[in-house]
Amino acid sequence: MSTAVQGKTVLVTGARGGIGQALVKAFLEAGAAQVIAADRSEPAQRSGDPRVRHLVLDVTNAQAAEQAAAACDVDVIVNNAGANGNCGLFEGEADQARREMEVNYFGVLNMARAFAPAMKKKRGGALVQVLSFAALSNIPAMGSYSASKAAARSLTQALRAELGLFGVQVVGVYPRVVDTAMSAHLPIAKTTPEDVAQAVLAALAAGQDEVYPGNAAAAHEAFLRDPAAVERDNAKRLPRSSLAATEVEA
Ligand SMILES: NC(=O)c1ccc[n+]([C@@H]2O[C@H](COP(=O)([O-])OP(=O)(O)OC[C@H]3O[C@@H](n4cnc5c(N)ncnc54)[C@H](OP(=O)(O)O)[C@@H]3O)[C@@H](O)[C@H]2O)c1
């Protein structure tokens, strides 16, 4: 199953975020007829492109997702909205993990439940899930975020199985570290949001189930060779509080 985006209507959630903006631009450049830029509040600046339609949509609100689905005839949904407390399991606010699960897992499920029935009826279309390499192997410095993305990865597999029967393509996207606000505090090599957007377009065109943009490709190869070694390596990426405690005890 492959998806050509030319002449199609694409909806991107979290559209004003770093990767969201790159996705909107890339879909317009690829010839989409309309890009619905969905954000959880009104954008400070509206796009000047007549093909961009702004939509206020909090993906954690199942009813709002249903209303959006009733109002928009969409060919491709990009579940890009994401929340990351960037903290360990014993840091941050008590409900941080719940918030990440609400956006990263239930948000994706809300969107799928709202929009998939029309896609099934049309026997086509695509769901693109912006997951994370952390879905494959937990990074303790963002432990509950990683767990929420692992849940979303499992959900993606179920969606692929169910919707594939109806000709709907489901693509899992597994970036590693991308140069956006979410990872601004990490002083390491980053993939650009534009590279992620191009990888999404290429995966849709090629009918791929999964894509590992930029520096995630080499990380994925290492994971396939030796998942336990990747887990041991990730285990060194500890939250600040644990690192501080170890230094005190040492
Ligand atoms: N940056 C990375 O290193 C990296 C790596 C792997 C995967 N990812 C994933 O890539 C996706 C995009 O992230 P990004 O890097 O572009 O981060 P970002 O710049 O922080 O963008 C995240 C976007 O999600 C939106 N959002 C959060 N909660 C929402 C909700 N309940 N409903 C609708 N929108 C909501 C945010 O809106 P507000 O502005 O209103 O908060 C923001 O527009 C996420 O799924 C993230 O987990 C990022």
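Visitor: Hello! How many helices and strands does the secondary structure of the chain come to?
Guide: Welcome! Keep in mind that this model is predicted. Its secondary structure comes to eight helices and seven strands.

Visitor: What radius of gyration does the chain have, next to that of a compact globule?
Guide: The C-alpha trace spans about 60 × 40 × 30 Å along its principal axes. With 250 residues, a compact globule would have a radius of gyration near 18 Å. The chain agrees with that, because its own value is 18 Å.

Visitor: Which helix gives the most residues to the shell around the ligand?
Guide: The ligand is surrounded by 28 residues, and the closest are Gly 14, Gly 17, Ala 81, Gly 82 and Thr 180. Two elements give two or more residues to this shell: helix H1 (18-29) and helix H3 (96-122). The one that gives the most, with three residues, is H1.

Visitor: Are H1 and H5 roughly parallel or oblique to each other?
Guide: Helix H5 covers residues 193-206, and its axis comes within 8 Å of that of H1. The two axes cross at roughly 50°, and H1 passes H5 in a right-handed crossing. Angles under 35 degrees count as roughly parallel, so H1 and H5 are oblique.

Visitor: What residue classes make up the contact of H1 with H5?
Guide: On the H1 side the contact includes Gly 18, Ile 19 and Leu 23, while Pro 193, Val 196 and Leu 201 are among those of H5. By class, the residues of this contact are nine nonpolar, three polar and one charged.

Visitor: Are H3 and H4 oblique or roughly parallel to each other?
Guide: Helix H4 runs over residues 143-164, and the axes of H3 and H4 come within 8 Å. They cross at roughly 15°, and the crossing of H3 past H4 is right-handed. The cut-off is 35 degrees, so these two helices are roughly parallel.

Visitor: At what angle do H2 and H3 pack?
Guide: Helix H2 spans residues 62-71, and its axis is 8 Å apart from that of H3. H2 is roughly parallel to H3, because angles under 35 degrees count that way. H2 passes H3 in a right-handed crossing, and the packing angle is about 25°.

Visitor: Which residues in H3 does H2 meet?
Guide: H2 brings Ala 62, Ala 65, Glu 66, Ala 68 and Ala 69 to this contact. By class, the contact has eight nonpolar, one polar and one charged residues. Those met in H3 are Asn 110, Met 111, Ala 114, Phe 115 and Ala 118.

Notes
Residues numbered from 1 in each chain as written. Predicted model: local features only at pLDDT ≥ 70, side-chain atom pairs only at ≥ 80, totals over all residues. Near = placed C-beta within 6 Å. Helix = DSSP H or I, 4+ residues; strand = E, 2+ residues; numbered from the N terminus. Axes fitted to C-alpha atoms, helices over the stretch in contact; angles between N-to-C directions. Parallel < 35°, antiparallel > 145°, perpendicular 65-115°, else oblique. Left-handed = near helix turned anticlockwise from the far one by under 90°. Rg over C-alpha atoms; globule rule 2.2 N^0.38 Å. Contact = placed C-beta atoms within 7 Å. Nonpolar A, V, L, I, M, F, W, Y, C, P; charged D, E, K, R; others polar.
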